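Hi,

Here is the structure I said I would pass on.

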Amino acid sequence: MVRWRRSEGGPVLEYVGRSDFQVKIRGFRVELGEIDAALTRHPRVAFAVTLGRTAPSGDTVLVSYVLPSGDDEPDVAELTDHVRGFVPAHMVPATIVILDELPLTPVGKLDRQALPAPDFAIVRTVFRASTSTAEHTVADVFAEVLGLDRAGLDDNFFDLGGNSLSATRAVARINSALGVALGVRELFEAPTVAELAARAATADRSTAARPALTSAPRPDRVPLSLAQQRMWIVNQVDTTSPAYNVPIALRLTGELDIEALRAAFGDVVERHEPLRTVYPGSADGPHQVVLPADRVTLDLTPVTVSDEAALRSELVPLASAEFNVSRDVPMRIAVLRIGPDEHVVALVLHHIAADGSSMAPLARDVMVAYTARTHGRPPGWAPMPVQYADFALWQRRTLGSDTDPDSLLSAQLDYWCRTLDGMPELLELPTDRRRPLQRSAHGATVPFAIGADLHEKLSDLARDHDSTLFMVAHAALAVLLGRLSGETDLAVGTPVAGRGDAALDEMVGMFVNTVVLRTRVAPESSFTDLVAHVRETDLGAFAHAEVPFDRVVQAVDPVRSTAHTPLFQVLLEFQNTEKSRLELPGLIVEVVDAGVEVAKCDLCLTLSENVDETGEPAGMSAAFGFATDILDASTVRGFADQFVRILDAVTASPDRPIGDIAVIGGAELECLTPVVGGLSVSEVSLPELLAASVVADPDAVAVAVVCGDRRLTYRELDEASNRLARVLLEAGVGAESVVAV
């Protein structure tokens with residue numbers, strides 16, 4: 001490998017080294033000699049050589065070959081630990097092969113081609129149990145967040161199924177348990193139990209301690225949480241808007257016990273305080289008022305509907321009806337009877353009381369309560385360790401005030417002000433209509449699919465570059481938006497769960513926040529470079545995700561408009577929350593489309609992973625939601641096609657320049673290809689054309705101009721224009737002069 005280097009005497013060709021001793025592992029260029037040097041530092045190793053080998057999965061992995069220095073064969077696990085002390089995690093060999101002798105060429109050099117292929121079938125990560133308190137804590141959190149029985153010291157969080165959002169939850173729980181202040185970035189840089197525990201053990205604890213989230217005596221006036229504050233303002237501005245209604249409709253086939261269902265929902269309302277809380281305003285701002293459970297009236301009297309059309313006519317107004325959260329409980333329910341053994345239960349929540357992650361615990365509790373009530377007993381669940389009001393008080397204590405420069409809230413606001421400074425006001429997408437002065441919430445959806453093969457390639461690409469599937473999808477979306485808009489400075493919003501503490505796992509409530517991901521896309525850079533940039537952007541955003549979005553908007557202070565949302569107009573949502581599962585005894589449960597679609601921004605890409613029975617990628621469900629104010633389904637369907645083409649291109653060749661990616665399909669290209677016609681005539685100006693018309697037929701009576709009751713022939717128009725021209729010339733008007741009309 002050589003490179004040109006400038007010198008006083010002219011360019012000089014400088015020898016750098018041999019490129020055949022470098023490989024790329026997980027997006028990193030690895031110098032194999034560094035691993036060899038680390039191995040030979042071990043007293044029982046005489047010689048070592050490392051190669052990049054292709055594993056059965058298709059990934060390139062590191063395999064080291066070792067010649068012992070004596071008769072005793074060194075232990076492979078011991079050698080792996082030894083190497084780990086000298087090189088980063090991505091340079092630790094996947095396996096080490098002990099050699100009896102070195103294969104040599106006829107001239108006495110190492111014959112690399114003759115080195116034995118490793119038996120990947122017997123290569124395993126030996127489970128090593130935790131020993132220290134930090135290791136036990138990290139291992140327990142990994143297992144808890146990822147739903148595993150256990151995690152060993154060498155287990156990698158992302159190899160076990162972790163992603164960007166679950167990483168945020170894991171770090172929050174580790175910090176709470178150990179009293180440290182690790183960031184999400186530390187988990188990406190040290191993804192194994194042992195590595196992250198080592199960082200936690202040496203972390204500065206002087207400023208890390210946070211108050212524990214516990215149930216405590218409440219003041220007379222309980223404030224809203226920061227996320228609820230925004231929902232309250234949006235609701236009070238327009239209580240008729242269904243934009244933040246969360247409708248759920250379930251078809252129940254079988255013998256439904258109405259009384260048991262009524263009792264079960266009563267149990268759930270009593271268990272989860274947000275379902276029976278109102279939020280009145282006052283001179284000091286809104287506050288929470290938790291009502292007694294018996295004050296909440298649930299009318300589950302079945303309403304008979306004749307057919308599916310009648311069902312739809314009942315569901316749509318129910319799902320879109322207004323909530324005034326200052327006086328109304330943010331929940332309503334109805335039972336629609338289609339037949340003796342067929343009902344639809346419609347539940348509508350306001351977003352101030354529940355988010356997407358609330359659906360799983362809500363479904364579990366309804367299932368437990370209904371099953372118990374059909375047997376004539378109350379549910380036997382354990383009491384909630386904390387309630388939502390406890391969280392709201394704890395959150396405000398933890399974040400502090402923006403008037404305190406040393407508070408966590410102020411620190412995070414400072415980050416967002418720096419990060420979003422100078423960002424464009426609006427991302428101009430190609431639209432079908434002009435943007436109205438007042439945006440509505442009217443929306444529609446274009447679903448599409450990402451095949452299993454492409455899903456697997458995207459997962460491999462993410463793993464190879466020490467990123468996540470979310471980050472790869474974000475980078476691909478940025479490429480699409482850059483092409484559609486012609487911009488290089490792009491902003492995308494994304495929701496974050498906000499449920500770091502384990503006490504919040506089983507709670508129904510509003511915890512989700514929205515963060516802004518600002519990305520700069522350079523057409524000459526590669527997709528690999530863009531993923532690295534996106535990784536840094538996303539990690540920074542997730543590390544500062546506790547300050548609510550509306551506070552960020554206030555601090556950044558962008559130009560406000562009723563025509564579009566502030567800071568971003570495109571949303572990326574990964575639906576990787578726990579799937580809600582509802583099984584009721586004696587009933588078949590199916591989800592029914594509630595028939596109400598809203599658009600919170602111009603465009604929203606929703607992605608959801610599917611896996612097969614072995615946990616391998618089985619394709620992704622995808623959809624573009626869009627604002628029907630400005631876009632049609634046919635246009636958005638074209639966006640979806642282009643997005644899939646980008647995914648195909650970047651998985652096939654991630655190192656090619658982004659600007660070279662072909663996003664236009666064959667059919668679109670044909671529409672853009674000009675049609676060759678006959679020979680064109682010479683150019684002529686409009687005055688010349690008018691004069692020629694008058695000369696050709698000076699006595700023609702054809703009307704050239706109509707203005708109210710006045711009509712001018714071509715001859716009259718020519719004479720009038722000549723008179724006006726003379727007036728302008730006398731006034732000194734010449735070529736390139738500007739004349740007001």
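Which residues of helix H6 (residues 193-201) are buried? Bear in mind that this is a predicted model. The buried ones in H6 are Val193, Ala194, Glu195, Leu196, Ala197 and Ala200. As for what they sit against, the buried residues of H6 pack against helix H3 (133-146), helix H4 (164-178) and helix H5 (184-189). If you are wondering about the spacing within that list, an α-helix has 3.6 residues a turn, so residues three or four places apart point the same way.

Now the whole chain. The protein chain has 741 residues, and 46% of them count as buried. Its secondary structure comes to 20 helices and 23 strands. Along the principal axes, the C-alpha trace spans about 115 × 90 × 55 Å. The accessible surface is about 37,400 Å², with 53% of that belonging to carbon and sulfur atoms. On contacts, if you take those in the chain with a separation of 6 or more, 71% are between residues 24 or more positions apart.

I also went through two helix pairs. Two packed helices are described by the angle between their axes and the distance between the axes, and that is how I list them here.

First up, H1 and H2. Helix H1 covers residues 32-40 and helix H2 covers residues 76-84; their axes come within 9 Å and cross at roughly 120°. H1 and H2 are therefore oblique to each other, and their crossing is right-handed. On the H1 side the contact is made by Ile35, Ala38 and Leu39, and on the H2 side by Leu79, His82 and Val83. Sorted by class, the residues of this contact are 5 nonpolar and 1 polar, with no charged ones.

Then there is H7 with H11. Helix H7 (residues 226-237) packs on helix H11 (residues 388-399) at an angle of about 105°, and the axes are 9 Å apart. That angle makes H7 roughly perpendicular to H11. Leu226, Gln228 and Gln229 are the H7 residues here, and they meet Tyr388, Gln395, Arg396 and Leu399 in H11.

Cheers

Terms used:
Residues are numbered from 1 along each chain as its sequence is written. This is a predicted model: local features need pLDDT of at least 70, side-chain atom pairs count only at pLDDT 80 or more; totals for chains, interfaces and linings use all residues. Side-chain values use heavy atoms; hydrogens and water are left out. Axes are lines fitted to C-alpha atoms, for helices over the stretch in contact, and angles run from 0 to 180 degrees between N-to-C directions. Helices (H or I, at least four residues) and strands (E, at least two) are DSSP runs, numbered from the N terminus. Angles under 35 degrees count as roughly parallel, over 145 as roughly antiparallel, 65 to 115 as roughly perpendicular and the rest as oblique. A crossing is left-handed if the near helix is turned anticlockwise from the far one by less than a right angle, and right-handed if clockwise. Contact means heavy atoms within 4.5 Å. Ala, Val, Leu, Ile, Met, Phe, Trp, Tyr, Cys and Pro count as nonpolar, Asp, Glu, Lys and Arg as charged, and the others, Gly among them, as polar. Buried means under 20% relative accessible area, exposed over 50%, partly exposed in between (1.4 Å probe, protein chains only). Accessible areas come from the Shrake-Rupley method with a 1.4 Å probe; for residues, only the protein chains shown count as cover.
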